[in-house]
Amino acid sequence: MKSVLLLTSFLVLVGLNSFITVYAQDTSSEVDEKAVDAKCYVELIGGKDTISLWLVKPSQLKALASTIIGQEILLTPQHQQAYKNKIATIYKTKQCVLEEDDFTSPRARIMDKNFLR
């Protein structure tokens, strides 16, 4: 009976240790993940298109397009003339890419080239 209790205790400790090790590896990878610069080609409420800049973790880049809808952004001087306020709301995200990558849309590439940073 004593050996069964000892074996059971040993198995519980090994299982618990394995769980803690896996959990520690998962959380450390999230903490070590450095943020990257991303840019999105978006349509604002009112119909104007612009580029918006974001700082996100690489794992969040794919979800960024849906995450920023409804977010308010500060407009660059070139767009402030079309709006009364300096802040506008994102209506639709057309594409998000890393800062060093190019947009697929020719219009977005031209806007990106002329975008003040």
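Predicted model: local features only at pLDDT ≥ 70, side-chain atom pairs only at ≥ 80, totals over all residues.
Student: Happy to start with the overall layout! Which pattern does the protein chain follow along the sequence?
Tutor: Good place to begin. The secondary structure of the chain comes to 4 helices and 4 strands. Read along the sequence, these elements give α-β-β-α-β-α-β-α.

Student: What share of the contacts with a separation of 6 or more comes from residues 24 or more positions apart?
Tutor: Contacts here are heavy atoms within 4.5 Å. Among those with a separation of 6 or more in the protein chain, the share from residues 24 or more positions apart is 56%.

Student: And what percentage of the 117 residues is buried?
Tutor: Buried stands for a relative accessible area under 20%. The protein chain exposes about 8,600 Å², with carbon and sulfur atoms supplying 60% of that area. Of the 117 residues, the buried part is 26%.

Student: Nice! Now to H4: what arc around the axis do its buried residues cover?
Tutor: The buried residues of H4 are Ala108, Met111 and Asp112. They lie on the same side of H4, because the arc they cover is only 100 degrees.

Student: Which exposed residues are on the face of H4 turned away from the buried side?
Tutor: An α-helix has 3.6 residues a turn, so residues three or four places apart point the same way. On the face of H4 turned away from its buried side, the exposed residues are Pro106, Ile110 and Lys113.

Student: Which residue caps the N-terminal end of H4?
Tutor: Look for a side-chain oxygen 3.3 Å from the backbone nitrogen of Arg107. The residue that supplies this oxygen is Ser105.

Student: One last stop, Pro58: which residues does it touch, leaving out those up to four places away in sequence?
Tutor: Pro58 lies in the loop between strand S2 (49-56) and helix H2 (61-67), and is partly exposed at a relative accessible area of 41%. Its C-alpha is 9.2 Å from that of Ala38, 20 residues apart in sequence. With residues up to four places away not counted, Pro58 touches Glu33, Lys34 and Val36.

Methods:
Residues numbered from 1 in each chain as written. Heavy atoms only, no water. Helix = DSSP H or I, 4+ residues; strand = E, 2+ residues; numbered from the N terminus. Buried < 20%, exposed > 50% of the residue type's maximum accessible area, 1.4 Å probe, protein only. Areas by Shrake-Rupley, 256 points an atom, 1.4 Å probe, with all protein chains shown as cover. Arc of directions from axis to C-beta. Polar contact = N/O pair within 3.5 Å; in protein donor to acceptor, adjacent residues only side chain to side chain.
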